[in-house]
Amino acid sequence: MAQRMNLCFDVSYIAIDGRWRVPGSWPGRTFPDVEMYEEIARIAERGCLDMIFSGDGTGIPSTWRGSYEEAVRWGITWPRQDLNPLMVAMARVTKHVGLGLTYSSTFMHPYYLARLMNSLDHISQGRMALNLVTTTRRADAANFGFDELMEHGARYERMEEFVAVCLALWDGVEPDAMIWDRESGQVGDPSKVHAIDHRGRFFQVKGPLNTPPAPQGRPVLVQAGGSPRGIRAAASFVDVAFGEDKPLERQVQQRGEFDQALREAGRDPARVGIVWQKPVIVAESGAEARRRREAMLTMIPPEAAGVYLSHNAGYDFSTLPQRFRLRELQAEITATQATPVGFVHGLAQRLGEDAEMTRQEFFEYGLQRATHYDTTFAGSAAEVADHLVDSFEATGSRGGFMLGHPVSMPGDLVTIVDLLVPELQRRGRFRRTYGGGTLRQTLMDIYDDPAA
């Protein structure tokens with residue numbers, strides 16, 4: 001029997017990095033048009049997708065040359081907006097599709113976020129997910145009072161304590177704590193509402209939450225750590241992990257490392273999926289899809305790629321010499337507390353750590369990365385389905401894919417729903433209807449009822 005997969009859609013990039021200007025994208029609209037997001041939600045639910053997801057960033061990229069001017073000029077990871085109110089709008093026009101938000105445990109406070117996610121879970125009737133990140137972007141850090149990035153290991157220690165506080169707060173109001181007795185006037189049972197009295201390295205929180213228990217009890221928890229430290233942290237608490245769109249052999253390796261970390265945490269790897277980031281372009285023919293993929297290289301000028309890379313790595317690539325070795329560059333990046341498993345790490349894995357390249361060659365690779373041209377699979381519905389199934393099986397047939405990085409919206413989501421989803425359904429790889437219930441139940445139904 002074929003194992004079904006989760007399919008989510010990432011709206012993080014639909015209006016930035018040049019995608020807004022591609023013919024057919026954002027027809028008659030500009031970001032952040034709420035009706036556009038409502039339309040996206042309806043389309044995603046028509047395709048029975050598990051979840052609409054958004055990453056986030058709270059600063060304007062300014063690592064490149066120490067200025068945000070080029071980011072503003074070319075729309076590199078800018079403009080952004082807190083997707084919280086837009087998620088509410090999407091929740092109000094749908095009944096089943098999940099909604100995932102991203103917040104930084106490096107900067108946020110756990111009491112505020114636990115309370116916010118509880119409220120959103122009520123509004124969505126149990127369809128919220130929380131993706132926690134340990135931010136490596138200097139522009140974000142500067143907006144929260146950080147002169148330097150927090151040390152890599154410390155960021156994950158803070159995340160683990162952050163999650164522990166949130167879980168205690170969510171569990172601190174028992175599911176049957178609310179009474180709402182109109183005759184007596186009693187609202188709740190005090191014996192079922194508990195303070196947490198947390199005192200840790202990073203946080204002091206008395207509790208309890210002053211909110212009713214949420215439909216899911218707590219939101220679905222997501223995290224994307226790819227380093228050994230990040231994998232260990234994710235294994236301790238995630239409902240589903242988020243994985244980068246890296247070469248298949250590295251995804252297979254990460255799945256194995258994640259499984260081992262789950263076992264060490266006392267959890268069953270068979271019940272915890274990884275949703276891999278997978279940019280795809282689907283068209284009626286493979287030739288048409290591949291033609292549209294080439295348009296990605298025209299979305300931003302080459303100089304804008306340096307802005308994107310610097311922001312995501314936390315390292316100013318404008319300082320690159322004319323020639324250098326990837327090993328030396330990776331060592332410099334790691335020393336600055338920037339992400340150790342970003343673009344340069346991937347390039348070194350691909351070309352070899354001792355590979356030498358020119359500054360121009362680096363930014364040619366960088367343009368492909370900044371537009372996600374290098375990781376986008378383009379093809380007919382059958383070709384894309386073949387690719388997804390092969391990747392799914394190679395990585396353990398647990399979890400699925402986060403489709404996204406579209407060329408134009410909403411058209412690219414329509415082709416996924418109208419062409420790719422039916423092809424996967426014919427193969428028994430994706431649901432035909434929602435089973436109802438919460439987002440956690442939707443994500444887990446691939447294990448509980450794999451043939452549905």
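**Cores, cavities and backbone features of a predicted model**

The largest nonpolar core has 79 residues. Leu7, Leu113, Phe258, Leu420 and Leu424 have the most contacts inside this core. Here a nonpolar core is a set of buried Ala, Val, Leu, Ile, Met, Phe, Trp, Tyr and Cys residues joined through side-chain atoms within 4.5 Å. Buried means under 20% relative accessible area, exposed means over 50%, and partly exposed is in between (1.4 Å probe, protein chains only). Helix 6 (residues 152-171) gives the most to the core, with eight residues. Helices (H or I, at least four residues) and strands (E, at least two) are DSSP runs, numbered from the N terminus. A second, separate core has 29 residues, including Ile300, Tyr315, Phe324 and Phe343.

The model is predicted: local features need pLDDT of at least 70, side-chain atom pairs count only at pLDDT 80 or more, and totals for chains, interfaces and linings use all residues. Residues are numbered from 1 along each chain as its sequence is written, and side-chain values use heavy atoms, with hydrogens and water left out.

Two residues show their surroundings in detail. Leu113 touches Tyr103, Met108, Leu130, Leu132 and Phe162, not counting residues up to four places away in sequence. Contact means heavy atoms within 4.5 Å. Val384 sits in helix 14 (residues 381-394). Val384 is buried, because its relative accessible area is 0%. With residues up to four places away in sequence not counted, Val384 touches Val280, Ile281, Val282, Phe377, Gly379 and Leu420. Val344 is 40 residues from Val384 along the chain, and their C-alpha atoms are separated by 28 Å.

The structure holds five cavities of 30 Å³ or more. On a 1 Å grid over the protein atoms alone, a cavity is a set of points where a 1.4 Å probe fits but cannot get out; a pocket is an open set with protein on both sides within 12 Å along at least five of seven lines; lining residues have an atom within 4 Å of a point. Grid points are joined across faces, edges and corners, and a volume is the space filled by probe spheres set on the points. The largest cavity holds about 90 Å³. Its lining has 14 residues, and Ser12, Phe31, Tyr37, Arg80 and Leu83 are the closest to its centre. The second largest cavity holds about 60 Å³. Helix 16 (residues 439-448) gives the most to this second lining, with four residues. The second largest pocket holds about 280 Å³. Of its 18 lining residues, Ala15, Trp20, Arg21, Trp74 and Gly75 are the closest to its centre.

Most residues other than glycine have a negative phi, and most peptide bonds are trans. The bond from Phe31 to Pro32 is cis, with omega near 0°. Pro32 lies in the loop between strand 1 (6-10) and helix 1 (34-46). Trp78 and Pro79 are also joined by a cis peptide bond, with omega about 0°. Arg65 is not a glycine, yet has a positive phi of about 60°. Arg65 is exposed, with 57% relative accessible area. His372, also not a glycine, has a positive phi of about 65°. His372 counts as buried, because its relative accessibility is 2%.
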